[in-house]
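Please keep the 3D view open while going through them.

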Amino acid sequence: MIEVQLSKLNYQPGETIEGKFVWKQIGKGIRFDIRLIWFTEGKGTRDHQTIQKQLIEPIEVDGSKSFRFVAPTWPHSFSGQFISLRWAIEAVELPSEEATTVILVIAPEGQEIVLPRIDESAKFTKPIEGLLR
Amino acid sequence: MIPARDNPFASHRVESLKYRYPGFDFDDAVARLEQMQWRAAILGPHGTGKTTLLLELHRYLQNSNNDRSKPSRIWFVPRDRSSRNQQWLELLEECSPQTILLVDGYERLSWSKRLQLLGLGPTWIRQSCLPKSIVVTTHRPVGLPVWIHTTSNSTTMEELLLELHPTASPETIDQARKLFTTRRGNIRDVFWKLYDSC
C-alpha cells in the first residue's frame, strides 16, 4: 500500500509543495519515483511533462519519507472547452511503472483558471488588444 | 459549459474503455494470441476498436499483478514522416528481442520497415534488436495472421456511450444513433462529435 500525503492541494506559482510519501508492506527491490507533472485532458491528443522528480529507495517494508518541490511559474492550471491542463504529484512504482496520482492546482491565487466558452458569433470580429492593431 | 477535463467524451476517457463485442472474451483472446506466438494483426475499419484493443493488451502486459505480464512497448506510428523516422530509431534502441511490440498504424510504415518488423530485413538488424513478437493494427491484411477482426454495431456503441456518460439524455442517445449511421459505424467519430455537444 502506498499513499501520497499533502498538506494542501492549491498552490501559487513559486510556492513550496511539501508532502509525505508513505509505504506499507512493499516488496524487496521496489523503488518509487515521486514526480511533479502536468498533463492535458480534453479533445484530441494528450500531452504531459515531468517537471521535477525525486527517487525514493525504501530500505524497510513499512516507512515514510518527506519530499519537496517548488511550484513552477508556468504553465498554470486551466480549463476550457477543448483542453484542461492539470498538475499532479505522481508516485510511480519501479520497475512496474504503476502510478498513484494526486491532482493539484498551480495558478495565481491557487485557483484553476476557467476559460469562457467560445462565443461563435464573436469569433474574429474584435481585434485582440495588443495583438492586432 | 463542461470543462474539458470533465467532458464524458474526452480522449482520456475514451482511451480507457475496454474493447467489447458480443461474444468477445479477453482472456480467451490472449490465450489464442499466445498460440499465435504473439505475431498477429488486429484488422478492421476505422473506429471499430483496434486501438482500444491494443491499449487494453498493453495495459494487460504491463500489469505486474498479472502472471502473464511481459515487457512490451506500444508505438503509435506518427503521420508525419520525420517524427516517424526519429521514433523508429528510438524504438530500435529501446526494444530487445524479448519485447512484445504493439504497433498502432502499421500501414503508415514503409515497406522496408515492415519487412524488418516481420523479421525479413537485413540480418544484422534482425538478429540484434528487433522484437520477435509483434501485434499490429491495420485496415487491410498485411501478411500477419489475423488475431481479431474488429467490427462495430449500434448496440455496442450505445453500451460504450452509457459507460462514458451514464446520465446521457434520450436526445444524446438518439443523436449518437444517427451519427453512427452517417459515420458508417465509426464509433470514435461518434464520440468525437458528441464531445462538442456537451
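1. Between chain A and chain B the count is three salt bridges.

2. Please keep in mind that this is a predicted model, in which local features need pLDDT of at least 70 and side-chain atom pairs count only at pLDDT 80 or more, while totals for chains, interfaces and linings use all residues. Residues are numbered from 1 along each chain as its sequence is written, chains are lettered from A and ligands numbered from 1 in the order in which they are written, and side-chain values use heavy atoms, with hydrogens and water left out.

3. How much area do chain A and chain B bury between them? The value is about 1,500 Å², 47% of it on carbon and sulfur atoms; buried area is the accessible area (1.4 Å probe) that two parts lose on being put together, summed over both. A:Lys43, A:Arg46 and A:Arg117 supply 35% of the area that chain A buries against chain B, more than any other three residues.

4. The contact (heavy atoms within 4.5 Å) takes 18 residues from chain A and 17 residues from chain B. By class, the side of chain A that touches chain B has four nonpolar, seven polar and seven charged residues, with Asp, Glu, Lys and Arg counted as charged, Ala, Val, Leu, Ile, Met, Phe, Trp, Tyr, Cys and Pro as nonpolar, and the others, Gly among them, as polar.

5. Two strands pair if DSSP finds at least two bridges between them, and eight bridges join strand 3 (residues 16-23) to strand 6 of chain A. One example is A:Glu18, whose bridge partner in strand 6 of chain A is A:Arg68.

6. In chain B, a residue to look at is B:Ser152, which lies in the loop between strand 5 (146-149) and helix 7 (154-164) of chain B. The C-alpha atoms of B:Ser152 and B:Asn186 are separated by 7.5 Å, although these residues are 34 residues apart along the chain. The side chain of B:Ser152 reaches the backbone oxygen of B:Gly185 at 2.7 Å.

Terms used
A salt bridge is a side-chain nitrogen of Lys or Arg within 4 Å of a carboxyl oxygen of Asp or Glu. Helices (H or I, at least four residues) and strands (E, at least two) are DSSP runs, numbered from the N terminus. A polar contact is a pair of N or O atoms within 3.5 Å; within protein, one must be able to donate a hydrogen and the other to accept it, and residues adjacent in sequence count only if both atoms are side-chain atoms.
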